Amino acid sequence: MDQFLHEVIGWLGYLQRGSVVSQLLLVAVPALAATLLQRRLPALAPLRPWLRPLALGTIALGSLLLALSGHPWRFSLSLGMIYLGWQALGLLGKLLELRIPADVIHQLEGRLLRPAYLLVVALAIINQLDSVQDLATVSIGEWFGVPLSLGRLFAAIVIAYLVIIGSGPPARAMAWLLQRALAMDEGSGRAVAVILRYLSVGIGLVWVANHLGLNANAILAIAGGLSLGIGFGIKEVFSNFISGLWLLLEGSVRPGDVLFIDGDPCEVRSLGLRAAVLWRDRDNAELVIPNQTFFTATTTTYTGSDRLRRSQVLVGAAYRHDPAGVVALLEATALTVPGVLAHPAPRGLVLNYGDSAIQYALRFWIANPMNNISTCSAVNMAVWQAFRGQGIEIPFPQRVQYSMTGSPHQDGPEQA
Amino acid sequence: MRRPSLHRFAPTGTLQQIVLLGVLAVAGWLALRLAQVPATSTSRLWGTVYLVVGINSDERLDSGPREQAAEALERFSSDFRKLHPGVAVQVMTFPEEDLVRELRLRKQSGLGPDLMLVNSRTALELQRLNLSRIEDFPAEKLFQIEPDMLNRLRLSNGQLAALPLQQLPQVACFNRDRLPNGSPDSLDALLQLSGQGVRIGLSTQTLNLFWTVGGLGAGEALLAAQGDQPLSPQQVQGLERWLAWLQNASLQQGITFHDKQELLIQKLASGHLDWISCRSSNLNVLRQSLGASLGVARLPGGRWGQATPINRERVLAFGLNSSPNQRQIARELASFGINPLVQRNLTIRNMEMLPVNRFVPAPVASSTVLAAMVRSAEDSEQATPVIRALIGNEKALGALDSIVSNVLFTELTPSRAAQILPATLR
């Protein structure tokens with residue numbers, strides 16, 4: 001590690017050279033000026049879009065002048081190109097947003113594109129100051145008796161990161177193919193995608209351990225250490241992870257499923273390493289629920305064997321109306337409402353004889369469990385319209401209030 | 001429907017922090033460097049110099065190039081730093097064949113090295129391409145260096161392209177367990193040994209095979225051909241004899257030819273070969289594998305003369321982008337390298353190079369390895385005129401390579417090859 005630090009500190013020795021300092025200033029001054037002017041001087045708002053291009057133009061022109069005057073120029077031009085590339089990445093993101101959902105673009109940009117760009121740029125700069133191949137051979141000590149070089153460690157980190165971040169899209173593509181080939185439902189397809197991703201991450205991490213040259217003993221030692229850690233500190237994390245895997249394999253909770261959480265239907269958006277993310281339609285909230293919860297508590301799902309949900313609305317009709325006619329009207333009305341399935345057919349029921357009305361229930365099936373509230377609302381409105389059309393009264397209890405003029409003990413007939 | 005929280009990079013927001021970090025890093029570096037300089041130091045030199053080491057293909061073996069370069073550098077820079085503790089030397093290594101491209105890019109960036117430890121041939125090439133600068137040294141300093149070596153580095157205007165630091169002779173490396181009687185002393189004996197089951201490895205590259213020229217009397221013919229002079233019948237015979245020996249060797253079951261010298265080293269180290277021609281800079285690697293079984297000897301000659309090995313001379317060339325301070329440090333460092341004490345230490349420490357300072361005798365009495373290296377270095381003087389002519393002529397060298405390859409693969413008979421070779425070299 002000392003050797004590496006010595007190398008890094010040694011790069012500053014280039015600052016002894018006027019040609020290097022002048023190139024650095026040529027890049028730093030316009031870039032900083034553009035940034036500061038953009039932030040601090042609101043009066044320059046109309047010029048704002050032109051500040052960065054102006055800075056880039058200054059760098060390019062300065063480099064050209066240096067080259068024409070026979071001075072070193074490539075370093076400033078390289079830094080300018082890096083600055084340009086960084087700005088271009090932002091533009092690329094905006095262009096992609098026209099075609100791809102914004103959240104996907106931001107994930108791609110933040111997790112893959114910009115880190116990858118920074119990495120390439122860092123390597124390119126280091127390769128100008130030093131030799132990347134040389135640096136890769138710098139020893140940074142031993143790990144479980146295995147000599148570890150900077151290059152190996154760096155490659156291991158990059159590959160592990162890429163495997164963890166970049167395995168999602170290929171896993172989803174593979175799952176989509178399997179879903180098509182094996183005629184799986186969408187939930188199973190998502191589950192396969194997650195399992196494939198975990199599998200590739202697992203294989204990738206084993207490869208990284210192998211690349212680092214860790215022998216079986218070292219891996220056992222790590223596993224032993226982890227066991228202790230699991231026992232004391234990260235039991236919950238590990239428990240959630242295993243629960244998540246188990247749930248996926250079992251198929252009881254999968255992305256796309258609709259679960260009943262605290263009286264509200266919620267759609268499972270993702271099943272992560274630690275927790276599941278569910279979306280609640282009622283208030284557009286996202287619930288992050290530890291996987292272990294589903295593993296140990298009762299879970300009500302509308303999407304276990306199919307995605308149908310049986311819904312119900314209650315309505316009362318006056319005693320004078322024939323119940324058979326009311327039931328037939330209810331069933332016919334339900335069929336007119338969009339979202340109500342014809343099969344299984346809606347069914348009207350006489351529930352009981354209430355104080356002021358005969359209570360009916362209209363039960364019907366809907367294809368999307370998340371639409372329960374809106375479909376019930378639509379059915380209720382259709383029933384009201386239908387009853388009105390047929391002159392069926394929906395009675396409701398009426399209360400008459402009057403003021404008492406004397407003592408209840410004097411007036412009350414019950415006292416007699 | 002779902003509105004994820006959008007997080008975007010904010011590069012400009014951190015720009016000031018980056019600049020601040022940069023300033024802090026520079027301040028830290030200055031503080032660190034000042035802390036390294038003892039208060040008692042009287043040296044006026046202070047700063048960092050960048051040293052690029054060209055690594056030859058046959059040196060890119062088991063140990064990493066940086067380690068090798070660091071070892072090579074440590075031999076004299078550590079002593080230099082004792083005198084000038086304010087000086088730091090940053091080492092970078094590049095394959096010798098990539099140096100020109102790499103240095104051209106670095107020169108345009110202003111990030112070129114201050115010093116370059118390269119082969120003398122590369123140093124001349126760098127000067128020709130305006131990728132190095134001339135540094136003058138006092139006559140009394142240059143007087144200490146072998147005059148021939150200096151002459152080989154002189155430009156047409158008499159100035160030096162670089163300053164020699166070490167010479168790496170070509171020698172015979174063999175496995176003592178397989179050759180208990182030592183290395184053969186003649187080319188004929190070498191062929192005989194191959195018939196007795198000794199596995200011999202030779203290079204197909206003419207420069208690495210050139211040592212066979214002297215023992216077969218083909219050196220004068222090559223020199224004459226190169227100089228566009230008519231060849232005498234004896235000279236043609238010499239050429240034919242040399243090419244016939246090569247073809248004969250290629251037909252021996254016990255002799256294998258490889259186009260890469262590093263393969264020969266690896267095969268001797270792994271026990272797949274018993275005798276090869278090698279470079280003294282390979283001895284450390286071979287010692288690690290063969291230990292006491294490694295034998296080192298002078299390359300075998302023949303009835304027509306001694307072997308004509310080609311010495312590799314490692315020289316220090318000077319970079320173009322240095323600040324005045326760095327130029328001074330580079331100059332002092334290079335000058336320090338030919339100091340007799342430093343040269344002696346360089347020679348003794350690893351037993352893989354010879355000094356360039358003619359007033360520093362190698363201790364041949366106490367080391368058979370050094371003795372073999374010294375004799376090889378003496379033998380190489382015979383090859384100097386031919387090699388000088390050839391090395392400056394890439395086209396001729398390529399043509400010679402091609403003819404030798406055709407002879408080795410029996411595509412050309414030795415007599416036919418001897419006839420066309422002079423015309424090709426011209």
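Two strands are said to pair if DSSP finds at least two bridges between them; strands (E, at least two residues) and helices (H or I, at least four) are DSSP runs, numbered from the N terminus. This is a predicted model, in which local features need pLDDT of at least 70 and side-chain atom pairs count only at pLDDT 80 or more, while totals for chains, interfaces and linings use all residues. Residues are numbered from 1 along each chain as its sequence is written, chains are lettered from A in the order in which they are written, and side-chain values use heavy atoms, without hydrogens or water.

Strand 3 (residues 258–261) and strand 4 (residues 264–271) of chain A pair in the antiparallel sense over four bridges, with Phe260(A) partnered by Pro265(A). Two residues lie between these strands in a hairpin, and Asp262(A) in the turn has a positive phi of about 50°. Strand 4 of chain A also pairs with strand 5 (residues 275–280) of chain A, antiparallel over five bridges, and here Val268(A) stands opposite Leu278(A). Six of the eight residues of strand 4 of chain A are buried (under 20% relative accessible area, 1.4 Å probe).

Now look at where the chains meet. The contact (heavy atoms within 4.5 Å) takes 43 residues from chain B and 48 residues from chain A. How many salt bridges does the rule find across the interface of chain B and chain A? It finds one (a side-chain nitrogen of Lys or Arg within 4 Å of a carboxyl oxygen of Asp or Glu): Asp114(B) with Arg17(A), their closest N and O atoms 2.7 Å apart. Helix 1 of chain B gives the most to the side of chain B that touches chain A, with seven residues.

Methods. Buried means under 20% relative accessible area, exposed over 50%, partly exposed in between (1.4 Å probe, protein chains only).
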